[in-house]
Amino acid sequence: MREGIIAAGAGRGWLRKGVQVLLLLAMTAIMIGCGKSADKTAKLRDLKFTVLSGEQLPAELQEMVEEQKAESFRFTFADENELYICVGYGRQPTGGYSISVTELYETENAVYVHTNLLGPSAGENKAESPSYPYIVVKLEKTDKAVVFE
């Protein structure tokens, strides 16, 4: 009778080890999966771009910006060769605002753009009428999605 008890106890130890191995394999698979998705958002390279003024925009894009400038907006526009990334901050109480592109880079799956609205500097002679700051950057056309941050 004692032999049966020992054999049953030995079986539980093997089962416990098997469950531990399965848990370890599952955690490894999850960690590998998370690592691969992080690689897709890793910066591959900074992108070269040109900031355009309103009169330099294609006519259709100029109309789109005019229609939307009173509210915040983020959109892209593409023609045969170029991609235009457009970011507007809506109506501001005075003039003197500007926008900087803090980052524009490419990852495996997307193009990321970071912009920042800069207010009028202290003591700046600013227009008292409202302004509608926006920025349009032109870069080489890509089929990758644009992510605004």
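These exercises work through a predicted model of one protein chain.

**Exercise 1. The overall fold**

Task: State how many helices and strands the protein chain has, and in what pattern they follow along the sequence.

Solution: 
- Count the elements. The chain has 2 helices and 8 strands.
- Read along the sequence. The pattern is α-β-β-α-β-β-β-β-β-β.
- Residues 24 or more positions apart account for 69% of them.
- Turn to burial. Of the 149 residues, 25% are buried.

**Exercise 2. The largest pocket**

Task: Find which residues line the largest pocket, and sort the lining into nonpolar, polar and charged.

Solution: 
- Start with the space. The largest pocket holds about 180 Å³.
- List the lining. Arg 45, Asp 46, Leu 47, Lys 48, Glu 106, Val 111, Leu 139, Glu 140, Lys 141 and Thr 142 make it up.
- Assign elements. Strand 1 (45–46) and strand 7 (134–140) are the elements that give two or more residues to this lining.
- Sort by type. The lining divides into 3 nonpolar, 1 polar and 6 charged residues.

**Exercise 3. The aromatic rings**

Task: Describe the ring pairs of Phe 73, and say which residues these pairs link into a cluster.

Solution: 
- Note what is needed. A pair of aromatic rings is described by the distance of the centres and the angle of the planes.
- Take the count. There are 4 aromatic pairs.
- Describe one of them. Phe 73 and Phe 75 sit 5.4 Å apart, centre to centre, with 35 degrees between the planes, and the pair is tilted.
- Check burial. Phe 73 and Phe 75 are both buried.
- Describe another pair. The ring centres of Phe 73 and Tyr 134 are 6.5 Å apart and the planes meet at 40 degrees, so this pair is tilted.
- Phe 73 belongs to strand 3 (residues 72–78) and Tyr 134 to strand 7, so the pair ties together parts 61 residues apart in sequence.
- Compare with the cut-off. Buried means under 20% relative accessible area. Phe 73 has 5% relative accessibility, so Phe 73 counts as buried. Tyr 134 has 28% and is partly exposed.
- Ring pairs link Phe 73, Phe 75 and Tyr 134.

**Exercise 4. Two residues in one loop**

Task: Decide whether Thr 107 is buried or exposed, then work out where Asn 109 lies and what it contacts.

Solution: 
- Locate Thr 107. It lies in the loop between strand 5 (98–106) and strand 6 (110–118).
- Read its accessibility. Thr 107 is at 1%, so it counts as buried.
- List its partners beyond four places in sequence. Thr 107 touches Lys 40, Thr 41, Ala 42, Lys 43, Leu 44, Tyr 112 and Lys 144.
- Locate Asn 109. It too is in the loop between strand 5 and strand 6.
- Read its accessibility. Asn 109 is partly exposed, at 42%.
- List its partners, leaving aside neighbours within four places. Asn 109 is in contact with Lys 40, Lys 144 and Ala 145.

**Exercise 5. A histidine in a strand**

Solution: 
- Read its accessibility. At 15% relative accessible area, His 114 is buried.

Note on methods
Residues are numbered from 1 along each chain as its sequence is written. This is a predicted model: local features need pLDDT of at least 70, side-chain atom pairs count only at pLDDT 80 or more; totals for chains, interfaces and linings use all residues. Side-chain values use heavy atoms; hydrogens and water are left out. On a 1 Å grid over the protein atoms alone, a cavity is a set of points where a 1.4 Å probe fits but cannot get out, and a pocket is an open set with protein on both sides within 12 Å along at least five of seven lines; lining residues have an atom within 4 Å of a point. Grid points are joined across faces, edges and corners, and a volume is the space filled by probe spheres set on the points. Helices (H or I, at least four residues) and strands (E, at least two) are DSSP runs, numbered from the N terminus. Ala, Val, Leu, Ile, Met, Phe, Trp, Tyr, Cys and Pro count as nonpolar, Asp, Glu, Lys and Arg as charged, and the others, Gly among them, as polar. Buried means under 20% relative accessible area, exposed over 50%, partly exposed in between (1.4 Å probe, protein chains only). Contact means heavy atoms within 4.5 Å. Rings of Phe, Tyr and Trp (its six-membered ring) pair if their centres lie within 6.5 Å; planes under 30 degrees apart count as stacked, over 60 as edge-to-face and the rest as tilted.
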